[in-house]
Amino acid sequence: MAAPSALQAVALGARAAGRSAWLVAPGLLVAFFRWAMAWAAPLFALAMARAGAGAQRASGPPTPAAALAGALEALTAPRTIFVALGLAGAGLL
């Protein structure tokens, strides 16, 4: 038995794609959820930086240096780092 030609392979692939068209919807859903999970870690880090900047500003005079110091303090806290790494790992899996 000879191997199918390239044109036959394309025709067989197109026929199989037509029979399995219902798989497009679950595939798009999985792709969307993978994309959404990838955004969890950066959004969490942004929220923590914003909360740290707001907390630091509330404790003293509102200066940009105080806001930056609060954001850095919140981002370098061990709990924040481990939660962000966990979210990034979940997004990759």
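Helices (H or I, at least four residues) and strands (E, at least two) are taken as DSSP runs and numbered from the N terminus. The structure is a predicted model, in which local features need pLDDT of at least 70 and side-chain atom pairs count only at pLDDT 80 or more, while totals for chains, interfaces and linings use all residues. Residues are numbered from 1 along each chain as its sequence is written, and side-chain values use heavy atoms, with hydrogens and water left out.

Thr80 is located in helix H5 (residues 78-92). With a relative accessible area of 7%, Thr80 is buried (buried means under 20% relative accessible area, exposed over 50%, and partly exposed in between, with a 1.4 Å probe and protein chains only). When residues up to four places away in sequence are not counted, Thr80 touches Phe44, Met48, Ala74 and Leu75; contact means heavy atoms within 4.5 Å.

Trp35, in contrast, is exposed, its relative accessible area being 52%. Trp35 belongs to helix H2 (residues 24-38). The C-alpha atom of Trp35 is separated by 8.0 Å from that of Gly91, although the two residues are 56 residues apart along the chain.

Trp35 also takes part in a nonpolar surface patch of about 810 Å², together with Leu29, Phe32, Phe33, Trp39, Leu43 and Leu46. Patches are made of residues with over 30% relative accessible area and no salt bridge, like charges being joined within 9 Å and nonpolar side chains (Val, Leu, Ile, Met, Phe, Trp, Tyr) within 5 Å. Accessible areas come from the Shrake-Rupley method with a 1.4 Å probe, and for residues only the protein chains shown count as cover. A salt bridge is a side-chain nitrogen of Lys or Arg within 4 Å of a carboxyl oxygen of Asp or Glu. H2 and helix H3 (40-59) each supply at least two residues of the nonpolar patch. The largest share, 4 residues, comes from H2, whereas Leu43 is found in helix H3.
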